[in-house]
Every structure is written in C-alpha cells, then in structure tokens.
Amino acid sequence: MYIRRIRTLEMAAWWLSDQLYNLALLIRQGSESLTLHRLDDPSPTQIIDNILNYNRRATQQPKAPVTATYIAVVRCMDRKLDLSRIFGDLKFVDDIANPFGAVRPHIIEALKIAVLKHGVRVIFLLEHTDCAARSIAESAEAETYPLTTAAVSQHEKHVGTLLSDPVIDGAIRNQQLAVVRGVIVTDTDELIQLWSFDPTSDHWQPFHHPAQAAHPASVHLHHPGRSKHGAGEIQGILAREPLQSPND
Ligand SMILES: [Zn+2]
C-alpha cells in the first residue's frame with residue numbers, strides 16, 4: 001500500500017520484480033516442462049513424460065487459493081502473443097483463445113458465465129497485427145479453413161450480438177462491466193487503439209490512458225471494427241493508416 005504512493009519506489013519495485021521473475025525463469029529452465037524447447041524434435045511420448053514429471057513436482061506444492069477473476073479476454077491463439085506482458089499473472093484472467101480471437105455464439109455464452117459466475121468486470125476483445133488467421137480468411141487458403149474464414153467474417157456480427165445480450169448490456173449499464181476492444185502489437189505486446197462500448201450512445205468510445213498519450217504507439221492501424229450492428233465485412237489491417245473508429 002505504502003509503496004504504491006511513491007511513484008519512484010513503485011517503479012523500483014517493478015524493476016526488481018522483473019529481475020526476480022527473469023531469475024526464476026532461468027532457474028526453472030532446469031525443470032522438465034521448460035526444457036521442452038531444448039529437446040531436439042521431441043516425440044509425443046517425451047513431451048507427455050515431461051509434463052507428467054513437471055505436474056508431479058508442481059502438485060507437491062500447496063495450491064494457491066482461487067482469487068477473483070476480473071478480466072476475460074478473447075484473443076487470437078497466435079503463440080507470438082505473450083499475454084503475461086499485458087495482464088500480468090494469467091491466474092486472474094479468463095483467457096479465451098481461438099484463431100483470430102473471433103467472437104462466436106459459444107464464446108458469448110462463455111463470457112456470460114464469466115460475468116455472472118466469475119465476477120468478470122472487464123471483457124477485452126483483442127485483435128493483433130499480422131494475424132495469420134485473418135490472412136488465411138482473405139487468401140486462397142480460405143477454402144481450406146472454412147470455419148476460421150467464417151469466424152473472421154462473422155466476428156463483427158457476433159460482437160453486436162454480445163453487446164445486445166441482456167446480461168452484458170445490463171451489466172454495462174449498471175457500470176459493473178466494461179467491454180473494451182483493441183489491438184495487440186504482436187512484436188511488442190503493446191495494447192493500442194483501445195475503445196470501450198458505450199450503450200447510451202450505442203458507439204465505441206476511444207479509451208484514453210495517460211501512458212498511451214505520453215508514448216503514442218508507433219504503428220497506427222485501420223481498425224476493422226464496425227458499429228455494434230455492423231455488417232461483418234472483412235477489412236484488412238493496414239499498417240500506418242490513421243486511427244479509425246470501429247463505429248465507422
Ligand atoms: Zn492471429
């Protein structure tokens with residue numbers, strides 16, 4: 001508590017915790033699960049053995065109590081994204097990953113469960129730069145991956161359905177929930193182009209954060225979003241286009 005009141009102390013604490021975290025990772029590279037990446041062409045059996053060894057050792061430690069989960073995120077399964085660089089400890093996050101980070105009917109239901117039963121107060125709908133799933137949907141490969149292509153093209157429609165859902169709409173109007181969309185810069189994990197939905201005006205509003213104003217993102221993206229009841233047309237994310245409202 002005290003440390004949070006003094007900015008310099010807080011930043012020093014962050015720096016120290018980052019160093020300790022890196023040290024912990026180094027130590028853990030001696031453990032089974034994290035040496036996986038050093039195995040040369042591991043067989044499925046080797047991988048499962050590693051996991052079981054790691055799991056046996058991990059379960060010798062007491063399990064941390066379940067804490068509140070205030071965040072749910074729908075995002076692309078692209079393994080280049082490091083969500084711990086956005087949300088910190090993912091124990092506190094309902095993390096829903098799929099190709100593109102598409103909102104689909106079963107994901108809307110999952111988000112309603114997250115809000116009603118997990119106490120989630122912010123839903124992040126995140127796209128990211130250089131998304132392979134989006135590229136697939138816009139290329140000749142679309143025929144090979146018809147479900148992913150459909151998920152990308154119907155994303156905006158389902159975002160509209162999510163926002164119209166009585167549970168979600170009611171929670172936003174009661175100020176118990178915010179739905180935020182944005183873009184992750186894949187190379188850095190920086191969150192840019194954040195918008196939160198305002199049910200009163202039925203529009204997405206830009207979300208301004210002092211840190212973002214001080215360090216404007218180097219890339220600007222053409223946000224593919226539409227208004228809540230958008231037509232779901234696919235628009236490519238084009239680098240270095242001016243910021244555009246998802247309401248357009
Ligand atoms: Zn992607």
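Phe197 stands opposite Trp204 in strand E6. This pair belongs to a predicted model, in which local features need pLDDT of at least 70, side-chain atom pairs count only at pLDDT 80 or more, and totals for chains, interfaces and linings use all residues. Residues are numbered from 1 along each chain as its sequence is written.

**The hairpin**

Strand E5 covers residues 190-198 and strand E6 covers residues 203-206. The two pair in the antiparallel sense over four bridges. Strands count as paired if DSSP finds at least two bridges between them. Four residues lie between the strands of this hairpin. Asp202 takes a positive phi there, near 60 degrees.

**The whole chain**

The chain has nine helices and six strands. Helices (H or I, at least four residues) and strands (E, at least two) are DSSP runs, numbered from the N terminus. Of the 248 residues in the chain, 23% are buried. A residue is buried if 20 or more other C-beta atoms lie within 10 Å of its own, exposed if 12 or fewer, and partly exposed in between, with C-beta atoms placed from the backbone. Take the contacts between residues at least 6 apart in sequence: 57% join residues at least 24 apart. A contact requires C-beta atoms, placed from the backbone, within 7 Å.

**Helix H6**

Helix H6 spans residues 146-153. Thr148, Thr149, Ala151 and Val152 are its buried residues. Seen down the axis of H6, they fall within an arc of 160 degrees, so they line one face of the helix. The arc is that of the directions from the helix axis to the C-beta atoms. An α-helix has 3.6 residues a turn, so residues three or four places apart point the same way. Pro146 and Leu147 are exposed, on the face of H6 turned away from the buried side. The buried residues pack against helix H5 (132-137) and helix H7 (155-164).

**Helices H4 and H8**

The axes of H4 and H8 come within 10 Å and cross at roughly 45 degrees. Axes are lines fitted to C-alpha atoms, for helices over the stretch in contact, and angles run from 0 to 180 degrees between N-to-C directions. H4 and H8 are therefore oblique to each other. Angles under 35 degrees count as roughly parallel, over 145 as roughly antiparallel, 65 to 115 as roughly perpendicular and the rest as oblique. On the H4 side, Lys112, Val115 and Leu116 make the contacts. Their partners in H8 are Val167, Ile168 and Ala171.

Ile107 is also found in H4, which runs over residues 105-117. Leaving aside neighbours within four places in sequence, Ile107 is in contact with Val74 and Ile96. Ile96 is eleven residues away along the chain, and the two C-alpha atoms are separated by 8.0 Å.

Gln175 sits in the loop between helix H8 (166-173) and strand E4 (178-185). Its phi is near 60 degrees, a positive value in a residue other than glycine. Asp189 lies in the loop between E4 and E5. Phi of Asp189 is positive too, near 70 degrees, and Asp189 is not glycine.

| Residue | Other C-beta atoms within 10 Å | Class |
|---|---|---|
| Ile107 | 19 C-beta atoms | partly exposed |
| Asp189 | 15 C-beta atoms | partly exposed |

Notes:
Contact = placed C-beta atoms within 7 Å.
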